[in-house]
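Student: I would like to go through this model and ask what stands behind each label attached to it. Please set the values against the cut-offs as we go.

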Amino acid sequence: MKTAKTTSSEVCTTQEAAHILGISVSSVQQLVEAGIIEAWKTKGGHRRIPLSAVHAYKATPGSSADVGEHGRSGAAARPNNGRTAVLVIEDNRLQRELYAAALESWELPLDLVYCDNGYKALLEIARSKPDVVLADIVMEGMDGYEVVKTILTDPQLKDVSIAIVSSLDTDEMAQRGGIPAGVVFFPKPVNFDELRGYMRACCARRERESR
């Protein structure tokens with residue numbers, strides 16, 4: 001994120017950018033911090049975003065705003081084929097391979113996408129609006145907890161089922177704010193029998209909604 005003022009006089013606030021893009025303020029903030037949307041700060045610490053940067057992101061195919069200011073994310077056009085889109089956020093390569101081996105062996109109607117950090121996950125969520133997000137908590141940079149909070153504060157993502165996975169104990173989770181209401185928690189090491197039951201329930205829900 002830039003600290004000096006850009007040459008363009010056409011700028012907007014974070015809230016105005018969120019309104020233009022049809023996403024939450026927190027999502028805009030995360031995109032700025034990731035360097036995806038250009039921004040700078042005033043001497044008073046207020047973030048300003050060039051309108052050109054906002055409209056450039058809005059015009060990006062698959063962005064969260066490519067269907068209009070208040071439209072659903074790009075996933076609104078996803079075929080209503082009864083399959084369940086699952087986003088797995090996990091920075092450990094071995095753990096991702098374990099997920100892939102297990103999830104693909106269950107022969108459930110799952111479309112799987114894997115992200116190895118929170119920034120990529122936010123972009124994927126804006127691009128495809130998955131039905132289910134399975135998020136590790138402890139990751140470098142933006143952790144899974146931040147991604148989960150972003151989902152929970154975005155009205156457009158209210159139908160996303162969220163499960164978090166962590167080796168943190170109860171006290172450590174409490175220090176991060178606890179397990180949010182409506183979010184399922186799986187301790188590490190993952191009990192794949194329990195995870196399979198959860199995914200079956202998510203698939204059943206998706207099938208009902210597709211009828």
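Student: What kind of model is this, and what is the average pLDDT of the chain?

Tutor: The model is predicted. The chain averages a pLDDT of 82, and 85% of the residues score at least 70. Over residues 1–8 the pLDDT is below 50, and this stretch has 17 contacts in the model beyond near neighbours in sequence. The pLDDT is also below 50 over residues 66–77, where the corresponding count is 30 contacts.

Student: Which elements have the lowest and the highest mean pLDDT?

Tutor: Helix α2 (residues 25–33) has the lowest, 75, and strand β6 (residues 132–136) the highest, 96.

Student: What does α2 pack against?

Tutor: S27, V28, Q30, L31 and V32 of α2 are buried. The buried residues of this helix pack against α1 (14–21), β3 (47–50), α3 (51–58), α5 (118–128) and α6 (144–152). G35, with a positive phi near 80°, follows the helix.

Student: How many helices and strands are there, and which strands form the open sheet?

Tutor: The chain has eight helices and eight strands. Five strands form the open sheet, in the order β5-β4-β6-β7-β8, with parallel pairing. The twist averages 20° from one strand to the next.

Student: What makes β5 and β8 edge strands?

Tutor: Each of them, β5 (110–115) and β8 (184–187), pairs on one side only.

Student: How do you know that β4 and β5 pair?

Tutor: Pairing requires at least two bridges between the strands. β4 and β5 have six bridges, in the parallel sense, so they count as paired. I89 has C115 of β5 as its bridge partner.

Student: And what makes β1 and β2 partners of β3?

Tutor: Strand β1 (residues 11–12) and β3 pair in the antiparallel sense over two bridges, with I49 of β3 as the bridge partner of C12. Strand β2 (residues 40–41) and β3 likewise pair in the antiparallel sense over two bridges, and K41 has R47 as its bridge partner in β3. The cut-off is at least two bridges, so a pair with two bridges meets it. β2 and β3 form a hairpin with five residues between them, and G45 in the turn has a positive phi of about 90°.

Student: Why is T84 called buried?

Tutor: Buried means under 20% relative accessible area. T84 has 0% relative accessibility, so it counts as buried. T84 lies in strand β4. Leaving aside neighbours within four places in sequence, its contacts are P109, L110, D111, D131, V132, C202, C203 and R206.

Student: Why is E107 called exposed and K129 buried?

Tutor: The cut-off for exposed is over 50%. E107 is at 74% relative accessibility and therefore counts as exposed. K129 has a relative accessible area of 11% and is therefore buried, the limit being under 20%.

Student: What makes the backbone at E107 and K129 worth a remark?

Tutor: Most residues other than glycine have a negative phi, and most peptide bonds are trans. E107, which is not a glycine, has a positive phi near 55° and sits in the loop between α4 (93–105) and β5. K129 is not a glycine either, and its phi is positive, about 40°; this residue lies in the loop between α5 and β6.

Student: How do you know that the peptide bond between K188 and P189 is cis?

Tutor: Omega of that bond is about -5°, and the bond is cis. P189 is in the loop between β8 and α8 (192–210).

Student: Which residues touch the most other members of the largest nonpolar core?

Tutor: I89, V133 and I151 do, in a core of 22 residues. β4 (84–89), α5, β6, α6 and β7 (161–166) each supply at least two residues, and the largest share, four residues, comes from α6. A second, separate core of 19 residues includes V88, V132, F186 and M199.

Student: What does V133 touch?

Tutor: Not counting residues up to four places away in sequence, V133 touches L87, I89, I125, I151, V160, S161, I162 and A163.

Methods
Residues numbered from 1 in each chain as written. Predicted model: local features only at pLDDT ≥ 70, side-chain atom pairs only at ≥ 80, totals over all residues. Heavy atoms only, no water. pLDDT = per-residue confidence, 0-100. Contact = heavy atoms within 4.5 Å. Buried < 20%, exposed > 50% of the residue type's maximum accessible area, 1.4 Å probe, protein only. Core = buried A, V, L, I, M, F, W, Y, C linked by side-chain atoms within 4.5 Å. Axes fitted to C-alpha atoms, helices over the stretch in contact; angles between N-to-C directions.
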